[in-house]
Amino acid sequence: RRSAVARWAARLGPPVLGAAFAALLALGVATPCMTLRVDMDLLYEHRPSLKAWSGILDALDLPKLLHSEVSVWRCVVALCHWAAQGDLNCVLALVMYALFAVLVPVMDVAALLTAAASR
């Protein structure tokens with residue numbers, strides 16, 4: 001026979017953990033997690049031939065032009081758009097990213113919550 005605390009934890013634990021998972025998943029999907037930054041000094045160091053073009057490249061302000069921060073949600077939306085245009089690589093990336101990285105963990109937690117509720 002279980003104690004009252006164990007019964008209380010078994011009853012309230014799964015919904016609380018499920019809600020925490022949903023909140024943290026939403027936060028994680030919406031927060032930018034991929035960034036592109038260009039360090040021009042490092043570029044010139046690794047490609048000395050580009051130093052001759054530094055006046056033009058610096059005038060273009062490539063670091064500002066190429067800077068990007070992307071969230072999982074924006075990435076999935078962009079992959080959907082490119083997949084709809086017929087890009088087969090993006091279809092594969094969409095399946096791997098949206099299905100395996102986002103949807104499978106959601107289905108796993110849903111299955112765990114269902115199992116906990118049926119007990």
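How exposed is Cys 33? At 48% relative accessibility, Cys 33 counts as partly exposed. The legends below take a closer look at this residue and a few others.

This is a predicted model, in which local features need pLDDT of at least 70 and side-chain atom pairs count only at pLDDT 80 or more, while totals for chains, interfaces and linings use all residues. Residues are numbered from 1 along each chain as its sequence is written, and side-chain values use heavy atoms, with hydrogens and water left out.

**View 1. Cysteines without a disulfide.** Searching the whole structure turns up zero disulfides, a disulfide being a pair of cysteine sulfur atoms within 2.5 Å. Cys 33 is in none, and its nearest cysteine sulfur, that of Cys 75, is 7.9 Å away. Cys 90 is buried at 10% relative accessibility; here buried means under 20% relative accessible area, exposed over 50% and partly exposed in between (1.4 Å probe, protein chains only).

**View 2. Asp 61 in its loop.** Asp 61 sits in the loop between α3 (54-60) and α4 (62-66); helices are DSSP runs (H or I, at least four residues), numbered from the N terminus. Its phi is near 55 degrees, a positive value in a residue other than glycine. With 37% relative accessibility, Asp 61 is partly exposed.

**View 3. A negative patch.** Asp 61 returns here, gathered with Asp 39, Asp 41, Glu 45 and Asp 58 in a surface patch of negative charge. Such patches are made of residues with over 30% relative accessible area and no salt bridge, like charges being joined within 9 Å; a salt bridge is a side-chain nitrogen of Lys or Arg within 4 Å of a carboxyl oxygen of Asp or Glu. Asp 58 belongs to helix α3 and is partly exposed, its relative accessible area being 45%.

**View 4. A positive patch.** Which residues gather in a patch of positive charge on the surface? They are Arg 1, Arg 2, Arg 7, Arg 11 and Arg 119. Arg 11 has its place in helix α1 (residues 4-30), and its relative accessible area of 63% makes it exposed.

**View 5. Leu 92 on helix α6.** Leu 92 is part of helix α6 (residues 88-117) and counts as exposed at 52% relative accessibility.

How values were computed: Helices (H or I, at least four residues) and strands (E, at least two) are DSSP runs, numbered from the N terminus. Patches are made of residues with over 30% relative accessible area and no salt bridge: like charges are joined within 9 Å, nonpolar side chains (Val, Leu, Ile, Met, Phe, Trp, Tyr) within 5 Å. Accessible areas come from the Shrake-Rupley method with a 1.4 Å probe; for residues, only the protein chains shown count as cover. Lys and Arg count as positive and Asp and Glu as negative; His and the chain ends are not counted. The place of a charge is taken as NZ of Lys, CZ of Arg, CG of Asp or CD of Glu.
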